[in-house]
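Here are some notes for a colleague opening this model for the first time. Please keep the structure in view while reading.

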Amino acid sequence: MALYGVLGDCHGNIEGLRAALAALDARGVRELLCVGDVVGYNADSDACAALLRERRARVILGNHDLIATGRLGFERCANNARYALQRTRRTLGRETAQWLATLPERLLVDDAIALVHGGVRDVQLYMKTLPIVSRNAALLRADFPTARICFFGHSHFQKLYEVAEPGGARELPLGSALVRERLYFVNAGSIDAQRKSAYKLAECALFDSDAWRLEFLSVPYDARATEAKAAARGFRIPAFTNWLYNWRRRLAAA
Ligand SMILES: [Fe+2]
Ligand SMILES: [Fe+2]
């Protein structure tokens, strides 16, 4: 049991990752848990992977990590993700690819903390509604019977769900206290905020597994620097290519 820093969806945003780690360091965190999508969208996938390795973070795979290393196709990707991932595939360092090949898709930590990226059994599922969280709670009980809290990512927004037996899931305010006997699903938010229009903050969470206490953090970072690098290095889809992808999609569906 320990004080954990929980993060995910870095997406090659090294400015966001450094800012979040500095905030977690200042709070005395030594153990890092990452729910995947280390790479994609931005220009510094290798740097993010190297920093997480250096910090000995426990990391699982996200769909972008699987797509960037050729283990998953582009079928469920939006145009901007597909374009950036094609660029990521061409530029990803060998060391990063080798490291990603060693990572699990799910992880149980200290018998109580489960890490998944999307859904419990589907890396590309968005856990965004109460029925979906309830269904995934049943899958979690089947696959990880000792888990009491499940951290997930992929949907990129900070969320706290409590699951009662029976009754299903309900969403709680982010500052709510946790009860040891209950089951929780938590999205710590996304390190990368480049696709968010409302704010540019690197999000993560602190979880004290002794006190069973959870805290969400949102940290400013140099989003302009991230965007300038991503644009300069070819990670942003040009308008014509976006139009072309849409046209091909319509043609394929006809
Ligand atoms: Fe993501
Ligand atoms: Fe994802």
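1. Start at the iron ion (ligand 2). Its four donor atoms subtend angles of 90 to 160°, which makes the arrangement irregular. Note that the model is predicted.

2. The donors to this ion, ligand 2, are Asp 37 (OD), Asn 63 (OD1), His 117 (NE2) and His 154 (ND1), at 2.1 to 2.2 Å. Along the chain they follow the spacing D-x25-N-x53-H-x36-H. Asn 63 belongs to helix H3, while His 154 sits in the loop between strands S6 and S7, 91 residues apart. Asn 63 and His 154 are both buried.

3. Look next at the largest pocket. About 290 Å³ of space lies in it. Its lining counts 17 residues, and nearest the centre are Tyr 41, Tyr 126, His 154, His 156 and Arg 195. The lining has six nonpolar, seven polar and four charged residues.

4. The whole structure holds 16 salt bridges. One of them joins Asp 25 and Arg 55, at 2.5 Å from N to O. Asp 25 is in helix H1 and Arg 55 in the loop between helix H2 and strand S3, 30 residues apart.

5. Arg 233 and Asp 44 form another salt bridge, at 3.5 Å between the closest N and O atoms. Both lie in loops, so the pair ties together parts 189 residues apart in sequence. Arg 233 is partly exposed at 39% relative accessibility, whereas Asp 44 is buried at 13%.

6. Glu 162 pairs with Arg 182 in a salt bridge, with 3.4 Å between the closest N and O atoms. Glu 162 is in strand S7, and Arg 182 is in the loop between strands S8 and S9.

Notes:
Residues are numbered from 1 along each chain as its sequence is written. Chains are lettered from A and ligands numbered from 1 in the order in which they are written. This is a predicted model: local features need pLDDT of at least 70, side-chain atom pairs count only at pLDDT 80 or more; totals for chains, interfaces and linings use all residues. Side-chain values use heavy atoms; hydrogens and water are left out. Donors are N, O and S atoms within 2.8 Å of the metal (3.2 Å for Na, K and Ca); water is not among the atoms, so sites may look incomplete. Four donors count as tetrahedral if all angles lie between 85 and 135 degrees; four count as square planar and six as octahedral if opposite donors are over 155 degrees apart and all others between 65 and 115; anything else is irregular. Helices (H or I, at least four residues) and strands (E, at least two) are DSSP runs, numbered from the N terminus. Buried means under 20% relative accessible area, exposed over 50%, partly exposed in between (1.4 Å probe, protein chains only). On a 1 Å grid over the protein atoms alone, a cavity is a set of points where a 1.4 Å probe fits but cannot get out, and a pocket is an open set with protein on both sides within 12 Å along at least five of seven lines; lining residues have an atom within 4 Å of a point. Grid points are joined across faces, edges and corners, and a volume is the space filled by probe spheres set on the points. Ala, Val, Leu, Ile, Met, Phe, Trp, Tyr, Cys and Pro count as nonpolar, Asp, Glu, Lys and Arg as charged, and the others, Gly among them, as polar. A salt bridge is a side-chain nitrogen of Lys or Arg within 4 Å of a carboxyl oxygen of Asp or Glu.
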